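The exercises below are to be worked with the sequence and the structure in view. Each task is followed by a solution in steps.

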Protein chains: 2
Amino acid sequence: MSPPRENAAPGPLDDTSLNQLIESLDADRNGLLDDLIDWLRIPSVSSDSRLRAEVRRACDWVGEKFAAAGLSVETIPTQGHPMVVAQTAPVAGAPVVLVYGHYDVQPAEPLEDWVSGPFEPTVRGGDLFARGATDDKGQVLTHIQSVCRWLSAGHDLPLQIKFLIEGEEEVGSENLERMLPELAEKLACDCVVISDSSQYADGQPAITYGLRGIATYELTVRGPSQDLHSGSFGGAVMNPAIALCKMLSSMVDENGVIQVPGYYDRVQPLTEAERQQWAQLPQSDAAFAASVGVKELFGEQGYTTDERRWARPTFDINGLTSGHQGEGVKTIIPAIASAKISFRLVADQDPKELTEQLRQHFDAVTPTGVTWELETDHGAPGMLAKIDTPFAKAAEIAIDAAFGTKPVFIREGGSIPIVTRFQEVLGCDCLLLGWGLSDDNTHSPNEKFRVQDYHRGIQASTRLWNEIAKQVG
Amino acid sequence: MSPPRENAAPGPLDDTSLNQLIESLDADRNGLLDDLIDWLRIPSVSSDSRLRAEVRRACDWVGEKFAAAGLSVETIPTQGHPMVVAQTAPVAGAPVVLVYGHYDVQPAEPLEDWVSGPFEPTVRGGDLFARGATDDKGQVLTHIQSVCRWLSAGHDLPLQIKFLIEGEEEVGSENLERMLPELAEKLACDCVVISDSSQYADGQPAITYGLRGIATYELTVRGPSQDLHSGSFGGAVMNPAIALCKMLSSMVDENGVIQVPGYYDRVQPLTEAERQQWAQLPQSDAAFAASVGVKELFGEQGYTTDERRWARPTFDINGLTSGHQGEGVKTIIPAIASAKISFRLVADQDPKELTEQLRQHFDAVTPTGVTWELETDHGAPGMLAKIDTPFAKAAEIAIDAAFGTKPVFIREGGSIPIVTRFQEVLGCDCLLLGWGLSDDNTHSPNEKFRVQDYHRGIQASTRLWNEIAKQVG
């Protein structure tokens, strides 16, 4: 990638030109949507080694999109899936914004629960259904489209925009995390913009200033050297599946309070200001419960649902595997039982410290007659960003114009592990602009993205570049 | 099946004729083994609906074997897999023995743990490896061979022998249980002989006079209507996999004592005589632990390992299924978690009563925010037989002659659900003559049957018919 020529500072567009640009976006909604559908057809499941070629195809798709729009593009290999870095020309005296997103997606299983195929994007009732529709192809594409359309309309951007689109977000971004220091110069920026989260509610856009961290593990419990007949051996040996259930049960009490010693030691409490602000959000536990299909919500006493989801750490079992899972009866004591488990962390919990706490906890609760192994998959601390910045102000104005509503400032329960690393390594501000909805079924069957929100996102992004130039310039 | 002609009572063979018969069995060991290998090649997994045709093939195999030897044969259809009833000619004034066995086998999974294919019978180190080698094709075939060889040597049997070979033992024998009253006349007998258990130890044959019963269930816990993103929803809803672990953990305390109220109410305690007799058996906990690959055994305090395996009821988890089980990480709250569970029961526990106790227990321990369903698969009470009968005496003599060692009287932890029903409906005695070994890997990968024990079993069975005629006649 040859260094792009530095533009003379072009300054923000006047209102007339900006409105013309927005109108041209409105006029080509079909074309903008077709691009997304095209990208979503590629099953870029980063955790599935059988799909390696498809993951690469999704990477190339976005590289070609940038190249066609005239950005300089580089595909950077990693030990896993490659990342794409693209940039517009530098603008003297103007800020630099880095847009981060990912072209990889979660596995689509269970396939039988999808109404239309996960990689056959389908519009139903104003929603586009596909794996990756909102997480994150649809959301990051809003920024790619806005920059491409600025350029194809013949406008110079009033600031430099860099893109970093990686292929391993859904498997922990380990390669990017490790390579970030050596990429720091290339990615140097004043602010990272990420759209991989949600609006607060339908019709209520949000700017997210906090994310939970994550730590994931696989716990394997081993007993006899092979499956045993439960008649001949039942009562004589510990059943590894029972041992696993006992060990996992010991993790959390009946009120949802995690029992691993030291787990809450570093948790930053909520501020009174946050609690008061969030209390004013239009939140209904009954509606929330209905939206996910449960009769009752559940969690730590003394916190509201939003507080528990956004600012309290959790423990979850993501998968259980042991013994006979097929049709009918097989009366065995299984040799092995395993669980995929994960924790959502909040500032200032440390995933490495948790791994140690967890090992000590399991040591203390291991039943007689079994052994266990704990495999650490990946971890990242939580993130808390400042909200009184010119970038946040610019985003507030751009979103208000595109969505017709001022955004609220919230946190989110999900994790974007790389965000904390951006703050640390690049020393930049951070803007999390979620265009999705909380019922978009991310990581679930029937993932979707509202078509209208895709277009609003493109328009908000189009305005954002202009507003940042005004606010910061 | 036309009723066979009634023979004039031929009486037992003299020692010379019996020895010639035994010598002819020794001379044709290869032919006898080839028959078993042939039957074992048929993957008659009764719980796998995809293998229905193979199950039928295994049924036909044994029917043809009987027909070729001149027994009258009837294949009786059921709502599931058919059963084969065969019989030799009635003998006036002589007892009638019913041999019961099954041609169906357990699933072979996990396939990757088999050294040779489960349906490619292979002899290694004196053992024949295949699914069903010992449970039960190999064992029941000893009796089929002995009767066929009596007849092909030109001898009339000194008693009538009936065979009932069913195809649903591994899925609970429900059809046979239901049809038994209408079959009672056809199956009328003085004693049922079953070889579907083990010798006490290598070189120490046994007559088994007690079996544990069984009750199997599938517990399914449901939470949200679909898998949820553990970031956006973690902390707000109960995780069904955690709920399942809590519910299963509550079943049993850290000493292996089952916590379901009422579970032990009807349990018949061990007699002092049994405990003293069993204490003299050559039992080593260290060797037992080593044989199954665990460092420590586990179970109820105050009982020996044999007492826990044979005469105490248990709870086991046979399988766990929830959420993501594939490669890599998928950070979800699964919508569903399920477990296959089973109990081994002892006299006088009642499986139906247990189902009620279990429902009440789960009602009491269900966490907030989930629902559960309990599917009952099958159940049977335990069995305790008399040991001071002429049939037991005959077996003792026949086994002593064939194995070179007097058998010991033991119980076994496994279940043959139909045995109690035979006692109830047919009003007969019951002889459980195990030719297998406890490390035969029944229900596990690398199931095997020692070739020498197959032949000893055939010879013991050959002698048994003569001894019964002597003892009873």
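**Exercise 1.** Determine which way strand β7 (residues 191-194) of chain B and strand β17 (residues 429-434) of chain B run, and how many bridges join them.

*Solution.* Step 1: β7(B) and β17(B) run parallel, joined by four bridges; strands are DSSP runs (E, at least two residues) numbered from the N terminus, and two strands pair if DSSP finds at least two bridges between them. Step 2: within this pairing, B:Val193 has B:Leu431 of β17(B) as its bridge partner. Step 3: β7(B) also pairs in the parallel sense with strand β3 (residues 96-102) of chain B, over four bridges. Here B:Cys191 stands opposite B:Val97. Step 4: the residues of β7(B) point two ways, B:Cys191 and B:Val193 one way and B:Val192 and B:Ile194 the other, and all are buried (under 20% relative accessible area, with a 1.4 Å probe and protein chains only).

This is a predicted model, in which local features need pLDDT of at least 70, side-chain atom pairs count only at pLDDT 80 or more, and totals for chains, interfaces and linings use all residues. Residues are numbered from 1 along each chain as its sequence is written, chains are lettered from A and ligands numbered from 1 in the order in which they are written, and side-chain values use heavy atoms, leaving out hydrogens and water.

**Exercise 2.** State why A:Thr142 counts as buried, and find what its side chain joins in a polar contact.

*Solution.* Step 1: A:Thr142 lies in helix α4 (residues 137-152) of chain A; helices are DSSP runs of H or I with at least four residues. Step 2: A:Thr142 counts as buried because its relative accessibility is 0%. Step 3: its side chain and that of A:Trp435 are joined by a polar contact of 2.8 Å (a pair of N or O atoms within 3.5 Å, one able to donate a hydrogen and the other to accept it; residues adjacent in sequence count only if both atoms are side-chain atoms). Step 4: leaving aside residues up to four places away in sequence, A:Thr142 touches A:Trp435, A:Tyr454, A:Gly457, A:Ile458 and A:Ser461, where contact means heavy atoms within 4.5 Å.

**Exercise 3.** List the buried residues of helix α13 (residues 418-426) of chain B, and identify what follows the helix.

*Solution.* Step 1: the buried residues of α13(B) are B:Ile418, B:Val419, B:Thr420, B:Phe422 and B:Leu426. Step 2: B:Gly427 follows α13(B), and its phi is positive, near 60 degrees.

Terms used. Buried < 20%, exposed > 50% of the residue type's maximum accessible area, 1.4 Å probe, protein only.
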